Amino acid sequence: MRRVRYESAGGPLFLEEVPVPEPGPGELLVRCAAVGVTLPTVRKVTEAAEPVALGGEIAGEVVASGRDVTRFRPGDRVTGLCFGYGYADFAVLREDMASPVPDGADAVTAVALVRSGLVALGALEAARLTPGESVLVTAAASGVGHLAVQLARARGAARVMGAVSGPGKAAFVRSLGADDCVRYGDDGWGEPVDCVLDAVGGDLLTPALAALAPHGRLVAYSSGGGTVRAYDLLVGAKSAIGFQMALIARDRPELYERWRRELWRLYTEGAVRPAVHGEFTLEDVAKAHEVITSRANLGKVVLRP
């Protein structure tokens, strides 16, 4: 089979031929039909001190299972987070990280919706959004952000704002149902909001906190880092909350499953529609990474093995 690998920080990425892996206890072997490309994975290539396996979101068909697997069997369609080599024709997926793909949804839809949607939905839960409140989503055109905009509206937000880097992205985010968009470089971000979902971090944390109304909540789910000053929280009694989906999947599987069911329900009802910026072959993985690095994507970037 083929898989993507690199040998030094920064790449280049290349394809190699390796044997098909065997699933261990509690693991599934999945023939990959779609693989999500995310900023955290792209950053591994450029920032990790040593080369690491390029994993992430995958969707496909179970072809074999290891000992102690109880929920899935060969022929089932699944999606989930792969911690090993996911940029490949076949990948090993832990059963506890796998979710079934319902009839009527293809692999690209599954990989664009489930993981990114779970992060967006979990961030809204962490923000304790109640109907009638207002929300601002940074990186609102991203794989997670464009779903967060739709989910905020579906959960009763009275006003949904997007923060983006350019006018093309603003038009895209408005088409998803956002009331308006602001640019990162704007002097102010308009009327204060009750919740900010931040996927950018870094220097953007300061204007994101400033955009909060008194008693507002900022949820940070970015891998971009950054520092929040205590004084910025004290003024206005604001809160900063960290959110990581991997911890939910590991420690709260019942909550993970409930959110997954809600996502598919909203998708079936037409309240949430994942957008796919582009589909790339494994041979064009460098081009897919460049789209993410340049922040050019409107929605999800997907590899098709």
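This is a predicted model: local features need pLDDT of at least 70, side-chain atom pairs count only at pLDDT 80 or more; totals for chains, interfaces and linings use all residues.
Local features need pLDDT of at least 70 and side-chain atom pairs count only at pLDDT 80 or more, while totals for chains, interfaces and linings use all residues. Residues are numbered from 1 along each chain as its sequence is written, and side-chain values use heavy atoms, with hydrogens and water left out.

A pocket here is an open set of points on a 1 Å grid over the protein atoms alone, where a 1.4 Å probe fits, with protein on both sides within 12 Å along at least five of seven lines. Lining residues have an atom within 4 Å of a point. The largest pocket has 43 of them. Thr38, Leu39, Pro40, Tyr221 and Ser223 lie nearest its centre. Helix 1 gives the largest share of this lining, 5 residues. Helices (H or I, at least four residues) and strands (E, at least two) are DSSP runs, numbered from the N terminus. By class, the lining has 23 nonpolar, 13 polar and 7 charged residues. Nonpolar covers Ala, Val, Leu, Ile, Met, Phe, Trp, Tyr, Cys and Pro; charged covers Asp, Glu, Lys and Arg; the others, Gly among them, are polar.

Helix 1 and helix 9 (285-293) each give two or more residues. The largest share, 5 residues, comes from helix 1. This lining divides into 6 nonpolar, 5 polar and 1 charged.
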